[in-house]
Amino acid sequence: MPVPPGKCVVALSGKLTRVDKRGPQRSLHSRTMPPSSVSTLSPGRIAVGYAVLSILWIAFSDEIVTYFGLPPFVMTIKGTLFVLVTAWLLYFTIRRLGQAVQRTSEELRQSEVYLAEAQKLSHTGSWAFDVANDRYLYVSEECLRIFGLHLQKGLPTKEMVLGRIHPEDSERVLRSFQKSVREKVETRDEFRVVLPEEEVKHVHIIRHPVLNGAGDVVQLFGAAIDITERKRAETELRDSETRFRTFVDHAGDALFVLDLESRIIVDVNRSACEGLGFTRQELVGKTPHFLHLDSDRAQVESVTERAAAGEAVFDTHWHRRKDGTLFPVELHTSRVSYGGRGFLLKVARDISDRVRAEQQREELRQLQADLAHLSRVSMLGELAASVSHELKQPIAAVALDAATCLQWLQRDHPDVHKAGEAAGRIIYAANRADEIIDRLRALYKKSPPKRELVDVNQTIHQMVALLLGEAHRHAVSIRTELADGLPEITADRVQLQQVLMNLMLNGIEAMHDRGGVLTVKPQLGQEGQVEISVSDTGVGLPADGADQIFNAFFTTKAQGSGMGLSISRSIVESHGGRIWATNNDGRGASFHFTLPIAAAAAVPAAVS
């Protein structure tokens with residue numbers, strides 16, 4: 001919009017200070033346009049030159065004619081020449097004046113275009129208001145756009161502008177306007193503008209009073225800035241921060257934010273306050289040392305230094321509540337940056353339940369070990385007759401061979417060779433008795449579980465030797481189908497022996513009335529496991545309790561405790577295997593269990 005003659009428009013970076021008939025005077029902060037490209041031979045200078053020449057010609061022309069003795073017609077030529085020079089100078093002056101005016105107008109239009117584009121890009125409009133006449137002197141196009149005033153001609157009224165301001169803001173804006181006039185001070189406001197399409201804009205306005213020579217406010221100049229996008233971004237950021245704060249406060253873990261330099265707590269979440277029993281005000285501004293045990297301080301400081309260097313550190317230690325009670329925490333410490341500042345973020349998780357559960361699991365493991373030991377002792381009691389029979393044979397052999405040895409030595413001509421053979425048999429029988437005792441002692445001894453590499457075939461052979469007497473007592477024969485090249489497993493040897501002994505004794509007892517065959521068969525199973533099967537030709541699984549036989553205290557024996565199979569399942573599952581039972585196609589039942597192969601002995605996949 002062109003600037004009305006004799007009026008002033010505030011520049012974006014200028015500050016108008018006073019007004020007179022020549023227009024506003026600008027302060028030192030105003031920006032000036034670059035100098036005009038008009039030639040130094042301006043119309044003003046031409047006019048001055050022409051005036052000087054005319055005065056000189058009129059004043060001294062007669063003296064020049066008389067002095068040089070020129071003829072009279074020279075005076076005629078003088079007049080004619082004067083008229084011609086005057087006409088030429090007048091023409092030249094008017095032409096140069098027109099060029100200067102045109103050039104100045106173009107520069108002014110270009111300046112207006114630059115100003116309009118700058119206002120459009122910065123969403124900033126300018127305006128001028130006549131205080132005495134209570135009307136606008138100038139409103140830029142961008143200012144009209146901001147207020148949604150689409151006028152074909154003329155300027156908006158004060159009432160039209162106030163009508164666009166949100167009803168809740170209009171009274172405050174009007175008071176600020178009046179303050180600029182009354183107190184002659186610059187004022188600023190932020191308010192909402194409601195457009196006809198019910199769109200709401202946020203506007204920041206600046207008013208600057210302009211004084212006359214008497215010091216009275218005659219005009220207000222100002223700028224209106226559309227800050228809708230900024231307000232929207234601020235609102236989104238505020239909502240995002242509120243939403244994030246809500247998420248953080250509802251997190252189950254305690255969060256501590258420490259200043260990287262001072263190591264002072266600058267923020268905590270709700271879980272930290274509730275877990276420790278402090279308020280946020282009691283925690284913020286303090287170092288976290290009072291939360292830790294003195295014995296943990298060196299460890300905590302080491303973790304803090306490592307995290308400050310950029311390492312993400314996990315550790316566990318104890319926190320102290322406000323009432324002095326302690327609880328274990330798992331702490332993750334890392335370095336973060338925000339707003340150009342460095343912070344340490346500590347995420348603490350209360351692991352009291354985990355520690356308590358681990359303690360309970362350890363107690364349970366100890367109870368299971370004690371129960372398994374009692375079960376082994378109970379089974380050894382049941383094997384007393386068989387064990388005594390097993391021990392009686394090598395002891396009797398020792399006595400017989402010892403007597404034979406004496407006989408060979410007491411002859412008139414001692415037969416040392418025969419006596420040596422008898423002594424060798426004594427040693428063999430004694431070693432056999434020692435092996436039986438060792439096997440019994442291993443089962444009877446109470447010791448913590450120990451995982452080691454175990455040869456399955458060898459373990460089966462040992463258990464067959466131990467239970468062979470019990471089997472013969474019930475007219476049961478034991479058959480093994482050992483697999484060559486079977487890989488070793490990682491297991492507790494005594495616990496594996498206990499499972500085998502329990503399953504083999506159950507099979508023997510299932511055939512005690514009629515006799516039969518007990519078959520023990522190890523083989524390579526699926527998914528890298530060894531499968532061991534114990535089959536009998538007895539009465540089979542109970543029809544109404546096949547799915548309960550591994551439950552604790554379930555038994556089909558008149559004197560059974562119902563714990564043997566339950567303990568066997570616990571042992572197998574603790575080794576990462578499983579146990580199950582099936583009825584045979586003919587007579588009897590089969591019990592199967594699997595155990596993982598040791599990693600070093602894993603069987604490679606077949607290559608086709």
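Me: What share of the contacts in the chain with a separation of 6 or more comes from residues 24 or more positions apart?
Reply: The model is predicted, so read every value as computed from it. Residues 24 or more positions apart account for 56% of those contacts.

Me: How many helices and strands does the chain have?
Reply: There are 15 helices and 19 strands.

Me: What percentage of the residues in the chain is buried?
Reply: Of the 608 residues, 36% are buried. The chain exposes about 36300 Å². Carbon and sulfur atoms supply 57% of that area.

Me: Now salt bridges. How many does the count come to?
Reply: The count comes to 27. The test is a side-chain nitrogen of Lys or Arg within 4 Å of a carboxyl oxygen of Asp or Glu.

Me: Why look at the spacing along a helix?
Reply: An α-helix has 3.6 residues a turn, so residues three or four places apart point the same way. Now apply that. Arg232 and Glu229 are 3 residues apart in helix α6, residues 228–249, so about one helical turn separates them.

Me: Which residue forms a salt bridge with Lys322?
Reply: Glu282 does, and the closest N and O atoms are 3.0 Å apart. Here the sequence positions matter. Glu282 lies in helix α8, residues 280–283, and Lys322 in the loop between β10 (313–320) and β11 (326–338), so the pair ties together parts that are 40 residues apart in sequence. Glu282 is partly exposed, at 26% relative accessibility. Lys322 is partly exposed too, at 47%.

Me: Which residues do salt bridges that share partners join into one network?
Reply: The network holds Glu168, Asp169, Arg172, Asp189, Arg192 and Arg207. Trace it partner by partner in the viewer.

Me: On to rings. What describes an aromatic pair?
Reply: The distance of the centres and the angle of the planes describe a pair of aromatic rings. A search of the whole structure finds 5 aromatic pairs. In one of them, the rings of Trp127 and Tyr136 have centres 6.2 Å apart and planes at 85°, so this pair is edge-to-face. Trp127 and Tyr136 are both buried.

Me: Which residues do ring pairs link into a cluster?
Reply: Trp127, Phe129, Tyr136 and Phe177 are linked that way.

Me: How far apart are the ring centres of Phe278 and Phe290?
Reply: The centres are 5.5 Å apart and the planes stand at 90°, so this pair is edge-to-face as well. Phe278 lies in the loop between α7 (270–276) and α8, and Phe290 in the loop between α8 and α9 (297–308), so the pair ties together parts that are 12 residues apart in sequence. Phe278 is buried, with a relative accessible area of 15%. Phe290 is partly exposed, at 29%.

Me: Which residue lies over the face of Trp580?
Reply: Arg578 does, at 4.0 Å from the ring centre.

Me: What does a search for disulfides find?
Reply: The search covers the whole structure and finds 0. Cys273 is buried, at 14% relative accessibility. Cys405 is buried, with a relative accessible area of 14%.

Me: Last, a helix near the end of the numbering. Which residues of helix α15 are buried?
Reply: In α15, residues 564–574, the buried ones are Gly564, Leu565, Ser566, Ile567, Ser568, Ile571 and Val572.

Me: Which residue with a positive phi follows α15?
Reply: Gly576 does, with phi near 85°.

Terms used
Residues are numbered from 1 along each chain as its sequence is written. This is a predicted model: local features need pLDDT of at least 70, side-chain atom pairs count only at pLDDT 80 or more; totals for chains, interfaces and linings use all residues. Side-chain values use heavy atoms; hydrogens and water are left out. Helices (H or I, at least four residues) and strands (E, at least two) are DSSP runs, numbered from the N terminus. Buried means under 20% relative accessible area, exposed over 50%, partly exposed in between (1.4 Å probe, protein chains only). Contact means heavy atoms within 4.5 Å. Accessible areas come from the Shrake-Rupley method with a 1.4 Å probe; for residues, only the protein chains shown count as cover. A disulfide is a pair of cysteine sulfur atoms within 2.5 Å. Rings of Phe, Tyr and Trp (its six-membered ring) pair if their centres lie within 6.5 Å; planes under 30 degrees apart count as stacked, over 60 as edge-to-face and the rest as tilted. A charge sits over a ring if NZ of Lys or CZ of Arg is within 6 Å of the ring centre and within 35 degrees of the ring normal.
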